[in-house]
Amino acid sequence: MTTATAATPTAIDVRSLSKSFGRKRVLEEIAFTIAPGERITLIGPSGSGKSTLLRHLVGLTAADRVGSRITLLERTVQSDGRLLSAPRRERCRVGYIFQNFNLVNRLSVLQNVLIGRLGRMPRWRALSARFSADEHRMAHEALARVGLHDLAAQRANTLSGGQMQRVAIARALVQEAEIILADEPIASLDPKSAREVMDILRRINEEDGRAVVVSLHQIDIARQWCDRAIALKRGRLYYDGPTRALTDQRLAALYDDAGLEELLAQPAPAGRQRLATAG
């Protein structure tokens, strides 16, 4: 997949993004463009600004400088440090997958997936959580895609971490998100579950053409799973290019040699394997 150019449509366009919390500058003049259907990894040391950047993209945080602009799917979502209002259906076009899963533990797996439809329903129906037969069908199909169809009736708090993250992905599928942002989605998972989650995200990208941006600490997974990497260091854009060009020397400079061997030793996902149903 190729990097977006001025002549091609854009899924994400970030210009002059800076953010401070008090006196601490977290992001400094970040700019990049992502094309529809790209699969991007966001890497960098802890504290480099990865999560803050993703929060800006999903509209949870506003930049603080005049001249900043973020455009998603050809619509400006914030400009000059101000979040711009948008219809609920427009906001649904971007899905966000949290590191801590963000499920409602007392609800069933199916109910957690159906929550992804709320933003696309008439408000009166959303308030009463009245889901149609078609919406139930969509939820079951999404669960089948992530290998959890048999667990639809199970309470969310009985699942393993890997299963919970797969429910969160299914929720983004029924949301019909055209961009999926994932903030360290495998950070707390065992290697097998991590491979399954990454394989799901890869298949969604390849089969549906949805743009996927995922922040990772596991460098080998980032190298093998993604075509392009965006790296942040101390809040600045350090690298934006093919993952194949992420040499050990370049990574050593990015991470200041701190823990690089451990990062490179993380297990990589196994090719394009199909998912097992266990999590």
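Reader: How is a pocket defined here, and what volume lies in the largest pocket?
Author: On a 1 Å grid over the protein atoms alone, a pocket is an open set of points with protein on both sides within 12 Å along at least five of seven lines. Grid points are joined across faces, edges and corners, and a volume is the space filled by probe spheres set on the points. The largest pocket holds about 710 Å³ of space.

Reader: What kind of model is this, and how are residues numbered?
Author: The model is predicted, with local features needing pLDDT of at least 70 and side-chain atom pairs counted only at pLDDT 80 or more, while totals for chains, interfaces and linings use all residues. Residues are numbered from 1 along each chain as its sequence is written, and side-chain values use heavy atoms, with hydrogens and water left out.

Reader: Back to the largest pocket: which residues lie closest to its centre?
Author: The largest pocket holds about 710 Å³, and of the 30 residues that line it, Val 58, Arg 91, Cys 92, Val 94 and Gln 175 are the closest to its centre. Elements giving two or more residues to this lining are helix H1 (50–58), strand S5 (75–79), helix H2 (88–91), strand S7 (94–97) and H6. Helices (H or I, at least four residues) and strands (E, at least two) are DSSP runs, numbered from the N terminus.

Reader: And how does the lining divide by class?
Author: The lining of the largest pocket has 17 nonpolar, seven polar and six charged residues. Ala, Val, Leu, Ile, Met, Phe, Trp, Tyr, Cys and Pro count as nonpolar, Asp, Glu, Lys and Arg as charged, and the others, Gly among them, as polar.

Reader: How many cavities of 30 Å³ or more are there?
Author: There are two cavities of 30 Å³ or more, a cavity being a set of points where a 1.4 Å probe fits but cannot get out. The largest cavity has a volume of about 40 Å³, and the second largest cavity holds about 30 Å³.

Reader: What lines the largest cavity?
Author: Its lining consists of Phe 32, Ile 34, Ile 40, Leu 42, Leu 53, Leu 54, Leu 57, Val 213 and Ile 230; lining residues have an atom within 4 Å of a point. By class, these are nine nonpolar, no polar and no charged. H1 gives the largest share, three residues.

Reader: And which residues line the second largest cavity?
Author: Arg 145, Val 146, Leu 173, Ile 200, Arg 203 and Ile 204 line the second largest cavity, and helix H7 (residues 191–208) contributes the largest share, three residues. The classes are four nonpolar, no polar and two charged.

Reader: At what angle do H6 and H7 cross?
Author: Their axes come within 9 Å and cross at roughly 15°. Axes are lines fitted to C-alpha atoms, for helices over the stretch in contact, and angles run from 0 to 180 degrees between N-to-C directions. H6 and H7 are therefore roughly parallel to each other, the category for angles under 35 degrees. The contact (heavy atoms within 4.5 Å) includes Ile 169 and Leu 173 of H6 and Ile 200 and Ile 204 of H7.

Reader: What about H5 and H6?
Author: The axes of helix H5 (residues 133–145) and helix H6 (residues 161–174) come within 9 Å and cross at roughly 135°. Among the contact residues are Met 138 and Arg 145 of H5 and Leu 173 of H6.

Key:
Angles under 35 degrees count as roughly parallel, over 145 as roughly antiparallel, 65 to 115 as roughly perpendicular and the rest as oblique.
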